[in-house]
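Reader: I have a new model open and would like to go through it piece by piece. Can you start with the terms, then take my questions as they come?

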Protein chains: 2
Amino acid sequence: MANVGILDVARAAQVSVATVSRVLNEPEKVGEKTRLRVQAAIDALGYEPNASARSLRSQRSRVIGVVLPTLLNPVFAECLKGIADTAARGGYAILPFFTDYHLERESQAVALLLASNVEGIVLVVSNPAHSPALVRLGKTRCPYVLAYNQHPEHPCVTVNGEQAMIELIRHLATLGHRRIAMVSGHLHVSDRAQQRSHGYLKGMDKAGLAPMPLLEVPFMDQGEEEQTPHSDGVHLASVARLLRQPERPTALIGSNDLIAIRCLRTAQQIGLQVPNDISVIGFDGIALGAELFPRPATIAQPNEEIGRQCIGLLLEAVAQQKTVSAQASVLLPYTFDRGESCAPAPCSPRAHTG
Amino acid sequence: MANVGILDVARAAQVSVATVSRVLNEPEKVGEKTRLRVQAAIDALGYEPNASARSLRSQRSRVIGVVLPTLLNPVFAECLKGIADTAARGGYAILPFFTDYHLERESQAVALLLASNVEGIVLVVSNPAHSPALVRLGKTRCPYVLAYNQHPEHPCVTVNGEQAMIELIRHLATLGHRRIAMVSGHLHVSDRAQQRSHGYLKGMDKAGLAPMPLLEVPFMDQGEEEQTPHSDGVHLASVARLLRQPERPTALIGSNDLIAIRCLRTAQQIGLQVPNDISVIGFDGIALGAELFPRPATIAQPNEEIGRQCIGLLLEAVAQQKTVSAQASVLLPYTFDRGESCAPAPCSPRAHTG
DNA sequence: CTGTTAGCGCATTCAG
DNA sequence: CTGAATGCGCTAACAG
């Protein structure tokens with residue numbers, strides 16, 4: 001049992017509790033001999049320092065708080081893996097909360113985390129520009145880092161989604177695509193979606209192409225209530241409608257991989273060949289994509305690395321007793337993974353040649 | 001900031017700290033008037049009780065520990081969602097650890113959790129029959145519940161994987177399948193895989209069919225090291241070989257959905273039509289399956305519900321100051337989701353008629 | 001290098 | 001119903 005306290009160890013090792021505490025926290029300040037004896041006692045008794053007491057006394061909880069939208073989107077699961085691994089390696093545990101994209105739950109999570117004496121927080125908020133949770137955090141000395149969000153006044157770890165989109169459009173244009181459509185999750189709950197759709201518009205403009213109306217679809221990892229199930233599986237009605245038109249797009253971009261995968265399904269259901277009839281491209285680079293057929297093209301983010309870097313910045317700040325500055329923000333490189341769902345535009349369906 | 005202590009509130013409300021503590025923990029024992037005044041002070045100052053101090057003093061951390069193999073398999077992500085949601089609803093936070101199927105990390109996680117004063121633990125171990133982590137836990141008063149594992153001497157929440165497999169085989173036999181093969185993750189790291197493959201053998205036997213050699217494949221969510229990447233995506237060499245044989249199976253069962261999805265890909269890559277040429281069936285019922293085309297058939301487990309029930313049992317036990325008994329184990333119902341990857345056996349490739 | 005001692009912030013006896 | 005006092009288990013001064 002864990003009911004063996006520091007005092008028991010001290011007695012067993014014939015030393016004072018202070019010495020035991022030292023071999024635990026500052027081993028170098030203890031004599032070789034004593035240290036070994038204490039360590040032996042610790043091992044023998046199976047002593048584990050009480051985390052609560054330690055945290056209360058030292059104001060160091062050895063816990064990092066995490067606030068994520070959802071685990072149902074593998075992006076965040078992958079990121080959390082990076083976070084968890086790195087934190088564990090640094091001797092930290094994590095205390096995660098999931099918000100399902102609800103603003104109140106973002107604030108609530110931050111409040112709970114602060115009360116828990118977490119030494120730092122990594123979070124993904126809906127929109128850093130209008131975030132009650134961030135305001136609350138800002139009044140604090142608690143270091144924090146945003147993941148996936150982007151804002152000049154906050155420390156962020158992400159990729160340049162707008163830039164990535166612009167390059168993607170250029171690439172698609174090179175492949176002969178002219179009718180390129182975008183399907184996005186709700187813009188009001190995600191600055192990522194906003195940036196990406198913005199990049200889409202900008203990219204289309206730069207490429208001299210006419211943007212198509214943005215399709216905003218409900219997204220399974222948004223909101224807590226289930227949607228009406230369809231007997232034949234998930235179905236993106238508006239996308240299906242679009243794809244049935246003679247003037248259908250030759251390329252379809254999902255604002256994230258989950259949406260892209262659903263687009264893929266919708267296209268295949270309709271009987272379109274991917275990528276021969278239509279190219280489908282996603283954003284995120286979730287690992288699961290590699291298992292699919294066709295492997296969806298995607299703008300791949302280093303999701304685990306994003307998590308790792310967040311913890312890295314946080315622990316660095318913690319060590320220096322300061323918060324993470326906005327200048328410490330890092331933009332990680334993304335890569336375009338062509339997968340098997342992206343090809344040159346087909347010439348066939350009434351394409352305006354030239 | 002959270003640096004407002006109970007004493008500040010007490011002063012502001014003109015009461016003693018004891019009274020403030022009471023309105024927080026036993027409001028009914030405080031006079032209406034006093035309570036309101038104190039509550040007002042709490043709100044005004046934005047007071048949040050210090051979790052560490054509270055935990056230290058009361059031995060109640062309001063935290064549930066969680067030990068899972070990995071987040072890269074959506075099964076556990078979904079389960080964790082159920083855990084997190086239910087825990088939060090009950091006023092509990094979660095402290096998760098991920099083991100990547102390493103036994104030592106299971107023990108280590110349990111040790112850390114015990115030291116953190118968690119009030120209960122839900123875990124998925126490799127094999128409950130030989131689990132150092134469980135042995136350690138058993139010496140404790142800390143209530144725990146196993147998820148997905150199955151063992152008569154431990155409280156477990158899962159589905160009957162063996163039974164499910166037997167029924168699946170029967171169903172496949174009904175559909176005319178005779179050459180049914182199974183692809184499994186490493187058996188030595190998962191009692192689920194063992195049960196499922198055992199069910200396969202039993203089912204084949206009952207159906208009067210000859211079992212085919214079990215294919216054991218490396219699995220992406222096992223082990224921490226990455227495997228050699230293949231330029232054209234993940235490739236199950238042994239499965240591909242099997243599928244190229246003239247006497248190839250007409251149905252392929254993956255011991256979990258991730259494996260099934262990879263089998264799907266492999267089959268499609270080879271040029272087989274699913275489900276016309278071959279049926280592919282998985283196990284787990286991960287939500288993402290519904291987005292794929294073809295939607296993989298699967299034995300669907302209520303993953304979130306499994307998580308919920310674990311927390312339910314745990315909180316119940318915590319309330320009664322006792323551990324969860326093995327008798328409290330629950331076997332949840334599974335359902336066979338035919339998806340779009342399972343069809344009657346084709347007559348064509350050299351099938352032994354009769 | 002090691003021991004002694006004083007709280008960290010709160011919940012909980014025990015009086016009143 | 002409320003207040004004063006005690007200590008949860010540990011770390012951090014400060015002595016020695």
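Author: One definition to begin with: helices (H or I, at least four residues) and strands (E, at least two) are DSSP runs, numbered from the N terminus. Also, this is a predicted model.

Reader: Fine. Where does A:Gln59 lie, in those terms?

Author: A:Gln59 lies in the loop between H4 and strand S1 (63-68) of chain A. Its phi is positive, about 60°, although A:Gln59 is not a glycine.

Reader: Is A:Gln59 buried or exposed?

Author: A:Gln59 counts as exposed, because it has 11 C-beta neighbours inside 10 Å, and the cut-off for exposed is 12 or fewer.

Reader: And what about the phi of A:Asp100?

Author: A:Asp100 has a positive phi of about 50° and is not a glycine. A:Asp100 sits in the loop between S2 and H6 of chain A. With 17 other C-beta atoms within 10 Å, A:Asp100 is partly exposed. As background, most residues other than glycine have a negative phi, and most peptide bonds are trans.

Reader: Which peptide bond to A:Pro275 is cis?

Author: The bond from A:Val274 to A:Pro275 is cis, with omega near 10°. A:Pro275 is in the loop between H11 and strand S9 (279-284) of chain A. In chain B, the bond from B:Phe293 to B:Pro294 is cis, with omega near 0°. B:Pro294 is in the loop between strand S9 (279-284) and strand S10 (297-300) of chain B.

Reader: Back up a bit. How many helices and strands are in chain A?

Author: Chain A has 12 helices and 12 strands. Its C-alpha atoms fill a box of roughly 90 × 35 × 35 Å along the principal axes. Of the 354 residues in chain A, 53% are buried.

Reader: What is the strand order in the open sheet of chain A?

Author: The order is S2-S1-S3-S4-S5-S11, an open sheet of 6 strands with parallel pairing. S2 and strand S11 (330-331) are the edge strands, and each pairs on one side only. Strand S3 (residues 120-123) and strand S4 (residues 144-147) of chain A run parallel and are joined by 3 bridges. A:Leu123 is opposite A:Leu146 in S4(A).

Reader: Switching to chain B: why is strand S2 of chain B largely enclosed?

Author: Strand S2 (residues 93-98) of chain B has 6 of its 6 residues buried, so the rest of the structure largely encloses it. B:Ala93, B:Leu95 and B:Phe97 point one way, while B:Ile94, B:Pro96 and B:Phe98 point the other way, and all are buried. S2(B) pairs with strand S1 (residues 63-68) of chain B in the parallel sense over 6 bridges. In that pairing, B:Val66 stands opposite B:Pro96.

Reader: Now the core. Which residues touch the most other members of the largest nonpolar core?

Author: A:Val122, A:Leu314, B:Val122 and B:Leu314 do, in a core of 110 residues. Leaving out residues up to four places away in sequence, B:Leu314 touches B:Ile64, B:Gly120, B:Val122, B:Pro143, B:Val145 and B:Val324. A second, separate core has 80 residues, including A:Ile166, B:Leu172, B:Ile180 and B:Ile281.

Reader: What rotation superposes chain A on chain B?

Author: A rotation of 180° with 0.1 Å of shift along its axis, giving an RMSD of 0.3 Å. The two copies are thus related as by a two-fold rotation axis. A:Ser52 is the residue of chain A that comes closest to the rotation axis, with its C-alpha at 2.4 Å.

Reader: Last topic, the DNA. Which residues come nearest to DNA strand C?

Author: A:Ala18, A:Thr34, A:Arg57, B:Ile6 and B:Ala18, out of 26 residues around DNA strand C. H2(B) gives the most to that surface, with 6 residues.

Reader: And which are closest to DNA strand D?

Author: A:Ile6, A:Ala53, B:Ala18, B:Gly31 and B:Thr34 are the closest of the 25 residues that surround DNA strand D. The surface near DNA strand D has 12 nonpolar, 9 polar and 4 charged residues.

How values were computed. Residues are numbered from 1 along each chain as its sequence is written. Chains are lettered from A and ligands numbered from 1 in the order in which they are written. This is a predicted model: local features need pLDDT of at least 70, side-chain atom pairs count only at pLDDT 80 or more; totals for chains, interfaces and linings use all residues. A residue is near a molecule or strand if its C-beta atom, placed from the backbone, lies within 6 Å of it. Ala, Val, Leu, Ile, Met, Phe, Trp, Tyr, Cys and Pro count as nonpolar, Asp, Glu, Lys and Arg as charged, and the others, Gly among them, as polar. Copies are superposed by least squares on the C-alpha atoms of residues with pLDDT of at least 70 in both. A nonpolar core is a set of buried Ala, Val, Leu, Ile, Met, Phe, Trp, Tyr and Cys residues joined through C-beta atoms within 7 Å. A residue is buried if 20 or more other C-beta atoms lie within 10 Å of its own, exposed if 12 or fewer, and partly exposed in between; C-beta atoms are placed from the backbone. Two residues are in contact if their C-beta atoms, placed from the backbone, lie within 7 Å. Two strands pair if DSSP finds at least two bridges between them.
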